Amino acid sequence: MDVDAKYDLILQHRYYGESVPSGSKDIAFNNTNTLGYFSSTQALADYAELITNIKKNLTAENCPVIAIGGSYGGMLASWFRLKYPHIVIGALASSAPILYFDDITPENGYDSIVTKDFRETSETCYSTIKQSWSEIDKVAAQPNGLANLSQIFRTCEPLNSSQQLKLYLEFSYEVSAQYDNPPAHYVSDICKAIDGAAEGTSILGRVAEGLNASSGPPCHGIYVYNPSHMDEWFWQTCTEIVMPFGRGDNDTMFEAAPFDLNNYTKNCQDVFGVSVTPRPHWITTEFGGHDIKSVLGNFASNIIFSNGLRDPYSSGGVLQDISDTVVAVYTQQGAHCLDLFTPMPSDPDWLVAQRDKETKIVALWLAEYYAKRQLDVEKLELGTWINDQ
């Protein structure tokens with residue numbers, strides 16, 4: 001962001017990186033007495049304390065601070081401004097899905113945009129992917145079916161099930177859509193490979209070509225995600241960041257997979273124990289979400305919610321202006337957190353325009369802050385002069 005800044009502070013979330021109690025991740029994640037303090041609320045309190053102390057140590061108590069973050073960090077930035085308006089004068093929340101909780105956003109919102117990205121790129125690509133799921137099961141059910149699938153998709157290790165392959169393909173498509181930012185064109189690359197396969201190539205052969213374009217040969221490591229009790233993000237999603245991702249029959253290019261809180265809870269308790277129970281309503285209780293126009297309109301100011309509408313997470317983002325000072329800035333073409341990337345000479349005009357708009361808004365916040373500070377100083381000086389007469 002092209003706004004003159006005296007200091008740039010990058011704050012680390014507690015329990016991530018080196019910011020762990022006792023200086024040891026092994027100890028921290030096995031201490032149930034302190035693990036409960038691993039939360040977004042506590043992280044925000046850390047930021048407030050740290051910023052206050054840094055400003056004091058630098059003799060910069062009157063230096064204004066803008067919170068900037070993307071994805072979960074964007075959620076934190078907006079919540080920080082909402083919870084600590086005396087610490088930061090504004091926030092830029094990029095790709096922040098603060099509405100992907102409870103039933104505010106349809107559970108299929110994420111995969112609906114993944115589907116939209118692929119379908120807008122190529123109708124035939126979309127259709128091929130949609131038909132591939134049943135084809136995978138059909139081949140898997142045949143004698144030596146899993147071995148044949150392993151050969152078709154050039155897996156590094158033999159497949160254990162058709163579901164293993166399908167989950168990997170789903171993940172590949174979702175990641176490709178989420179990060180489909182220039183100069184990369186992941187969705188287009190996959191679809192060009194699928195559509196460009198030789199005439200007569202089977203549906204699965206075409207999908208395999210798409211996978212090759214996504215992650216490349218010589219072979220594909222079709223891993224199974226097995227979360228650990230020391231997985232930071234898994235802990236947060238198992239306690240407070242309960243985002244109900246799911247989809248129904250025929251509403252996306254994927255197979256049906258409705259969100260099931262009971263199964264979600266079981267997966268969490270299998271890793272962390274029965275004492276850990278997801279709280280699906282906590283985020284909206286702590287930070288709001290329902291009737292967001294009223295909440296932010298009455299209690300917030302100086303927040304930019306930026307999104308690229310090709311980002312699946314934009315389905316849970318704030319896409320309309322709430323007030324004159326809580327605004328939505330978005331582009332049709334961008335995906336996840338693109339506006340926070342380092343500017344490049346090759347950036348498209350629409351991205352340059354998005355960043356310029358955000359910069360001008362932040363510059364206005366700063367100008368208003370300094371104008372008010374100057375007015376307060378003048379009032380104080382006038383009061384002192386009157387008292388001296």
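Why does C238 count as buried? At 0% relative accessibility, C238 falls in the buried class, where buried means under 20% relative accessible area, exposed over 50% and partly exposed in between (1.4 Å probe, protein chains only). This is a predicted model, in which local features need pLDDT of at least 70 and side-chain atom pairs count only at pLDDT 80 or more, while totals for chains, interfaces and linings use all residues. Residues are numbered from 1 along each chain as its sequence is written, and side-chain values use heavy atoms, with hydrogens and water left out.

**Disulfides**

- A search of the whole structure finds 3 disulfides, a disulfide being a pair of cysteine sulfur atoms within 2.5 Å.
- C238 and C268 form one of them, with their sulfur atoms 2.1 Å apart, and the angle of -85 degrees about the S-S bond makes this link left-handed.
- This pair joins distant parts of the chain, since C238 lies in helix α11 and C268 in helix α12 (residues 261-272), 30 residues apart; helices here are DSSP runs (H or I, at least four residues), numbered from the N terminus.
- C156 and C219 are also bonded, with sulfur atoms 2.0 Å apart, and their S-S torsion is about 90 degrees, so this disulfide is right-handed.
- C156 counts as partly exposed because its relative accessibility is 34%, and C219 is likewise partly exposed at 34%.

**Helix α9**

- The buried residues of α9 are V187, I190, C191, A193 and I194.
- C191 forms a disulfide with C125, their sulfur atoms lying 2.2 Å apart.

Definitions and conventions:
Helix = DSSP H or I, 4+ residues; strand = E, 2+ residues; numbered from the N terminus.
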